[in-house]
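Thank you all for coming. I would like to walk you through one structure today, starting with the chain as a whole and then moving to a few individual residues.

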Amino acid sequence: MAHGLPTDLRKALASDKAALAAWENITPLARNEWICWTISVKRPETRHEHVSRVVSELKDGMRRPCCWLGCTHRTDKKLSPSVKEMPDKKSRG
């Protein structure tokens, strides 16, 4: 397992063999997206939820966090027209 993983995510993956196997089967870019998605939240409760969801969603066959726009590692992926039309969180006040 990579050493750059946050401790809570590393422990969660290590405690579930199926999730760990799925983690080891995804690309480094996909791993970075899961890590970014996990650490991008502010509240500890939300962080705990994200860690749990990484384990669960990897076991369900998801290879990347779905529909998440926050990862800076995805400069290769263009936004779909429907996503471009979504209001910016900052502009909502």
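Among the contacts in the protein chain with a separation of 6 or more, 59% are accounted for by residues 24 or more positions apart, where contact means heavy atoms within 4.5 Å. Residues are numbered from 1 along each chain as its sequence is written, and side-chain values use heavy atoms, with hydrogens and water left out.

On confidence, pLDDT is the predictor's own score for each residue, from 0 to 100, and the protein chain averages 81, with 68% of the residues scoring at least 70. Over residues 86–93 the pLDDT stays under 50, and for that stretch the model has one contact beyond four places in sequence. Where pLDDT is low, the predicted coordinates should not be read in detail.

As for the elements, the protein chain has five helices and zero strands, and from the N terminus on the order is α-α-α-α-α; helices here are DSSP runs of H or I with at least four residues, strands are runs of E with at least two, and both are numbered from the N terminus. Of the 93 residues in the protein chain, 29% are buried, which is to say under 20% relative accessible area, whereas exposed means over 50% and partly exposed lies in between, with a 1.4 Å probe and protein chains only.

Let me turn to how two of the helices meet. Helix H1, residues 7–14, packs with H4 at an angle of about 35°, their axes being 10 Å apart; the axes are lines fitted to C-alpha atoms, for helices over the stretch in contact, and angles run from 0 to 180 degrees between N-to-C directions. On the H1 side the residues are Asp8, Leu9, Ala12 and Leu13, and they meet Arg47, Val51, Val54, Val55 and Leu58 in H4. By class, this contact of H1 with H4 has seven nonpolar, no polar and two charged residues, where Ala, Val, Leu, Ile, Met, Phe, Trp, Tyr, Cys and Pro count as nonpolar, Asp, Glu, Lys and Arg as charged, and the others, Gly among them, as polar.

Which residues does Asp16 contact, leaving aside its neighbours within four places in sequence? Asp16, found in the loop between H1 and helix H2 (17–24), is in contact with Val55 and Lys59, and it counts as buried because its relative accessibility is 17%. Asp16 and Lys59 are 43 residues apart in sequence and 9.3 Å apart in space, C-alpha to C-alpha.

Lys59 itself is placed in helix H4 and, at 43% relative accessibility, counts as partly exposed. Not counting residues up to four places away in sequence, Lys59 touches Ala18 and Ala19 as well as Asp16.

Also in helix H4, which covers residues 44–59, we find Glu57, and at 13% relative accessibility Glu57 counts as buried. Beyond residues up to four places away in sequence, Glu57 touches Trp34 and Met62.

Finally, Cys66 has its place in the loop between H4 and helix H5 (81–84), and it counts as exposed because its relative accessibility is 52%.

Conventions. Predicted model: local features only at pLDDT ≥ 70, side-chain atom pairs only at ≥ 80, totals over all residues.
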